[in-house]
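I opened my notebook beside the viewer today and jotted down what I looked up. Here are the entries, in the order I made them.

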Amino acid sequence: ASNIAQTKAAAQQAAGWKGTRTDGGETKHYIGGEWVEVGESGAEKWFDVKDPSTQQVLTRVPQPPRSLLTQTVDKAQEAFESWKLTSLLSRQGILLKYQALIRKHHDDLAQSIVLEQGKTFADAKGDVLRGLQVVDSMCALPQMLTGDKLEVSTDMDTYVRRSPLGVGAAICPFNFPAMIPLWTLPIAIGTGNTLLIKPSERDPGAAAMLVELATMAGVPSGVVSLVHGGPETVNFLCDDPRIKAISFVGSDVAGKHIWDRAGKNGKRVQANLGAKNHAILMPDANKEQALNAIAGAAFGAAGQRCMALSVLVTVGDSKEWVQELITRAKGLKVGNGFDEGIDLGPVISPAAKEKIEGLIASCEEEGGKILLDGRGHKVDGYPEGNWVGPTVLEAKEGMKCHETEIFGPVLTVLHAETLQEAIELVNRNMYGNGSSIFTNSGATARVFERTIQAGQIGINVPIPVPLPMFSWSGNKGSVLGGHSLYGKLGVEFWTQNQTVTSLWKQEDALNTRADVSMPTMR
Ligand code: NAD
């Protein structure tokens, strides 16, 4: 009953927002400062956004016609011409207002995420907070953009201008509906670009609210736009020559496609893909701390985090602790993210549930053991939800359940006899987003840190995502190319260097004779 009350409250709240719907109506585009409906005649097809706990249709996302996308880029290009001339301090002022507005509407944003994506309310608040922290960090853009200058000769200076690129696009996944748009929005516009956000067609609500809040903060028309749809929209963004940069976060298939297509068209692309994050559990670890951390990171958000700990490598005697880990997993409560005491919500769709259940089955088919089986999980009052309970598999390296990104609440356990063996096993995996070790030995931690190939390394920390004073540092198959998200490297992605060499000869003030020989340093 508490859920129904919450859902109604969310629907009422959403009614006040211009771009979000919870009544089954159309999700609007935001183009040149206007909220636009495509309508039945305009949409090439529709994507239903369903509450993953109930299958109730909350909103319908249209695949817009190309003409609408062209028009959006027209407006974004037009807006760029004036936005790039605004002062950095005026853009900082807008970011400061934006920061306050996101903080004020933190709960509204989180509610939209629970409704459409399914994670728990507390976790959804974390989703918003992690994005807000990128806005916080970008309020310091003036400090971050101070540049290089050198007097290269007596009367000659060379200095670097950090210029915006033009119109950019952010193509976002379903799993962090607020955080991931915010990995781009404040940086792209703070540095003077204009931006099209293409949220996931599975949960566009939070992105729409973030765009609306940007307008309330004073972002002018056309500087931030919201476009919807699936691969057709993505292909348009990859092809339109006026779009100079694409920030992508999502699956391998889409990421590789975007990398190739946008790259061939000469665009700057950052592409962050899938993952399979391993934790190594040493027998000298603080058992309680380690097991709590591993259970939280494996099953939290129903395992739908790109930094979820999906593989545990026990070393030596720590394999004896797996039973206690299972006890913890069994204690986690699955249910609707609005309800009290829930630890993990549903997975995003019936198709995702089916895929996860298939990968669980494959463990047994390939000779592994299902130590805890979350298939067929039921939740009272929600017969239609996409439920998968916490699952623990005992497997061998190279089995499907070990190699494939499951993206569900499933922990695959492997065993190694030594630290060396465990590190080699982790390093053989194609992905490299993150890896953690649990140990009480500084020496062991140091060996791990120096030899592990993952880009984000945790020592007694299960999900070592760097806060935005640093940059995202996924590695190996989890990323294409060398462009990182947020932090200093994110600012680099959204700016291009122009070097200016200027000559103001002091002697010109006194002498008018021309210099005809090749210039030499003086
Ligand atoms: P997804 O690739 O299905 O969707 C991401 C975006 O790409 C969406 O906007 C979607 O419309 C578009 N898209 C999907 N298929 C496409 C195609 N064939 N052609 C063109 N565009 C396409 O990803 P998802 O399921 O929404 O998100 C989960 C994935 O994202 C997981 O693999 C997860 O590991 C990854 N992820 C990675 C990071 C990271 O930082 N590396 C962070 C979060 C999520």
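Which helix gives the most to the shell around the ligand? I looked it up in this predicted model: helix 12 does, with 3 residues.

**Entry: ligand shell.** I found 27 residues around the ligand, and Pro-173, Gly-250, Ser-251, Ala-254 and Cys-306 come nearest. The elements giving two or more residues to this shell are helix 11 (231-239) and helix 12 (252-264). I sorted the shell by class and got 13 nonpolar, 11 polar and 3 charged residues.

**Entry: helix 5 and helix 10.** Next I checked how helix 5 (residues 106-117) packs with helix 10 (residues 205-216): the angle is about 160° and the axes are 8 Å apart. Anything over 145 degrees counts as roughly antiparallel, so I noted this pair as roughly antiparallel. From helix 5, Asp-108, Leu-109, Ser-112, Ile-113 and Glu-116 meet Gly-205, Ala-206 and Met-209 of helix 10. I classed the residues of this contact as 4 nonpolar, 2 polar and 2 charged.

Entry: I then traced an open sheet of 7 strands with mixed pairing, in the order 14-15-16-13-12-18-19. Strand 14 (369-372) and strand 19 (456-459) are the edges; each has a single partner strand, so one side of each lacks a neighbour in the sheet. I noted an average twist of 25° from one strand to the next.

Leu-372 stands opposite Val-392 of strand 15.

Last, I followed helix 18 (residues 442-451), which lies across strand 12 (277-281), strand 18 (434-438) and strand 19, and runs at about 175° to strand 19.

Definitions and conventions: Residues are numbered from 1 along each chain as its sequence is written. This is a predicted model: local features need pLDDT of at least 70, side-chain atom pairs count only at pLDDT 80 or more; totals for chains, interfaces and linings use all residues. Axes are lines fitted to C-alpha atoms, for helices over the stretch in contact, and angles run from 0 to 180 degrees between N-to-C directions. Helices (H or I, at least four residues) and strands (E, at least two) are DSSP runs, numbered from the N terminus. Angles under 35 degrees count as roughly parallel, over 145 as roughly antiparallel, 65 to 115 as roughly perpendicular and the rest as oblique. Two residues are in contact if their C-beta atoms, placed from the backbone, lie within 7 Å. Ala, Val, Leu, Ile, Met, Phe, Trp, Tyr, Cys and Pro count as nonpolar, Asp, Glu, Lys and Arg as charged, and the others, Gly among them, as polar. A residue is near a molecule or strand if its C-beta atom, placed from the backbone, lies within 6 Å of it. Two strands pair if DSSP finds at least two bridges between them.
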